[in-house]
Structures are given as structure tokens and as C-alpha cells.
Amino acid sequence: MSSRSSLTAALALGGVALAWGAIPLFVRNDVPSTGLVGVRVTFGALALIGVAAALRRLEFPKTKRGRLVLSGVLLALHWVTFFESLKHSPVAVALAILYIGPIAAAILAGPLLGEHVSPRLWLALGVAAFGTLLVIQPWNQAQEGDVSTRGIVMAFISAALLTALLLVGKPVAKELGGLTMAIGELTVASIVLIPATYGALSNHADELVGFIILGAILTGFAGFIYWEAMRRLPMATVSVIMYLEPASAVVWAALFLDEIPNATAWIGVAFVLAGGAMATSVSASVDEEAMVAPSAL
């Protein structure tokens, strides 16, 4: 892959991460966690199916069907447990635990997916992870005594499910493409959550516009871009860039919820941006080196 393709994929993924930071703006309501996840995946699947049909790219996958189904189940369980953790612990604590998942996926991508990670990329991952801790500052929340055992357990389960989803889903996206991957996993997840989706739409019809934005845009189209970038970038690069999500959540909250972060959080945002920039430059430089390297005889 050319360095330009890697850069484009990294920038697109960064845009998704920034957009996902706005999700809390759409989920601060009394809709149950399972209902929120249900409408997310259902509207997301419908939006992508419509686009794929219009482009004549709607197809039933001929390979990796088992992994695709597993990805959908993992996605549904991951989001349900994460939203449940938010109900029983502060957002900062839940996010701090959740983002153990991308680190674990980056580590396991070596032995399980055969990916090589350069030392500079590990450094970028460390910078982004450190910045995220400064942004969410879970130690402050823990001192307030609002952390429950259930919230912590749900957050760790969600992190483990995210790790599994990344490792299971990447080979599928690489072979089938980001569009087929996103449609497949969202369709499976929507089937799993049909009862919850029906309940959310029946009892919270006034939230329909928010449901559509959350599902079609922030889940469907964003999910397609996410998996398309995933198939083109190393797992560690994806992990670093996705740390922009919790960092951007602070900015979105400041702009629309009047939740002004302290100076430490802003410093953390700077660290996350630096880590993302490092990861992008590392991926581009690796591709350039691969292009000019002599082939082995």
C-alpha cells in the first residue's frame, strides 16, 4: 500500500474517532442500554444496506461467514456492557478501563495476526494512552466514591470484548472489505437485539431523530470507514488513532454541555493528538520503506 493510501486511511479513521467523541451528546437520555445499542446497529445496518444496494455492492459474503457472525455478536455484547458500565460508574473510569482493549489488541496482533510493530509505534501508543489518562482522570472520579463493583466488572468485560472484536474482525474486513464487514456485523447485532430495539422505538419515539443520527451516521457510515481503515492499517496504528475518541469527547462536552475541562485534561488532549500524529507518520514512513526496499532473492 502506498504512503498516500495509509495517510488517507489514518486521517479518515481520525475523523471517525473525533465524531465518536460526540456520542455522549446523543445518549444522555433514559433509554435503556440495550435499546440504545439496538437502534444504533439497526439504523446503521439499514443505512449501509441502502447505500450498498444503490451502488450495486450489496452481496452475501462467500467466505468468513462464521467470523462475521461472531463479530456481530461481539459488537452487540461489547456495546451493551459498555453502556451498562456507564450506568454504574463515572464515564472517566469506564473509559479508562475500556481503552485497555486497544492496547491488548495491538499486543496480541503480533502473535495472532502476524503484524510487526515498530518501536516508534509503541512509543506513539504509550503517548496516546498517557494522554487519555490525563484527559479522563479516573483517579478523581474514584475518590468521589461513585465507582461500583458492577460498573468496574462491566467495563473490564467490555474491554475484553473489544479486544476480541478487533482481532476477529480485522481478517474479515481485510478479505471482504469494509462495507461488507460493517453491514454483516451490524445486521447480526441488530438481529440479536430485535426485542430491545422494538422497545426503544415504541417507548421513546420522541428520540427518533437522535436515533437516526446515532445509528445511520455515527454507527453505519462511521463503522464502514472504521473497518475500511482497519484493513489498511496495522492494529497498533488503529489503536493509537482511536484514542482521539475520549479526547474529543472532552472538547464536545465543553462546546455543547458546558463541561469545561481543567488544564490537565487539555494537556492530555495535546498528548493524544501528538500520539496520533506519530502513529500516522510512522505508518506512512513504513510504507515508503517497503516500496523502496529491494525484494529478497
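Predicted model: local features only at pLDDT ≥ 70, side-chain atom pairs only at ≥ 80, totals over all residues.
At what angle do helix H3 and helix H10 pack, and how far apart are their axes? Helix H3 covers residues 33-54, and helix H10 covers residues 178-192. They pack at an angle of about 140 degrees. Their axes lie 8 Å apart. Two packed helices are described by just these quantities, the angle between their axes and the distance between the axes. H3 and H10 are therefore oblique to each other, because only angles over 145 degrees count as roughly antiparallel. The crossing of H3 with H10 is left-handed.

Now look at the residues that meet there. H3 brings Val41, Thr42, Gly44, Ala45, Leu48, Ile49 and Ala52. H10 answers with Leu179, Ala182, Ile183, Leu186, Thr187, Ala189 and Ser190. By class, this contact holds 10 nonpolar and four polar residues. It has no charged residues.

H10 has another partner to follow. Helix H12 spans residues 208-230. The axes of H10 and H12 come within 8 Å and cross at roughly 130 degrees. H10 and H12 are therefore oblique to each other. Here H10 passes H12 in a right-handed crossing. On the H10 side, the contact uses Gly178, Leu179, Met181, Ala182, Glu185 and Leu186. On the H12 side stand Thr219, Gly220, Gly223, Phe224, Trp227 and Glu228. The classes here are six nonpolar, four polar and two charged residues.

Some H10 residues can be traced through both contacts. Leu179, Ala182 and Leu186 meet H3. Leu179, Ala182 and Leu186 also meet H12.

Is Leu176 buried or exposed? Leu176 is buried, because its relative accessible area is 18% and the cut-off for buried is under 20%. Which residues does it touch, leaving aside its neighbours within four places in sequence? Leu176 is in contact with Pro61, Thr63, Lys64 and Leu68. Take Thr63 as one of these. Thr63 and Leu176 are 113 residues apart along the chain. Yet their C-alpha atoms are separated by 7.9 Å.

Finish with helix H13, residues 235-242. How many of its residues are buried? The count is eight of eight, and the helix is mostly covered. The buried residues are Met235, Ala236, Thr237, Val238, Ser239, Val240, Ile241 and Met242.

Notes: Residues numbered from 1 in each chain as written. Heavy atoms only, no water. Buried < 20%, exposed > 50% of the residue type's maximum accessible area, 1.4 Å probe, protein only. Contact = heavy atoms within 4.5 Å. Axes fitted to C-alpha atoms, helices over the stretch in contact; angles between N-to-C directions. Helix = DSSP H or I, 4+ residues; strand = E, 2+ residues; numbered from the N terminus. Parallel < 35°, antiparallel > 145°, perpendicular 65-115°, else oblique. Left-handed = near helix turned anticlockwise from the far one by under 90°. Nonpolar A, V, L, I, M, F, W, Y, C, P; charged D, E, K, R; others polar.
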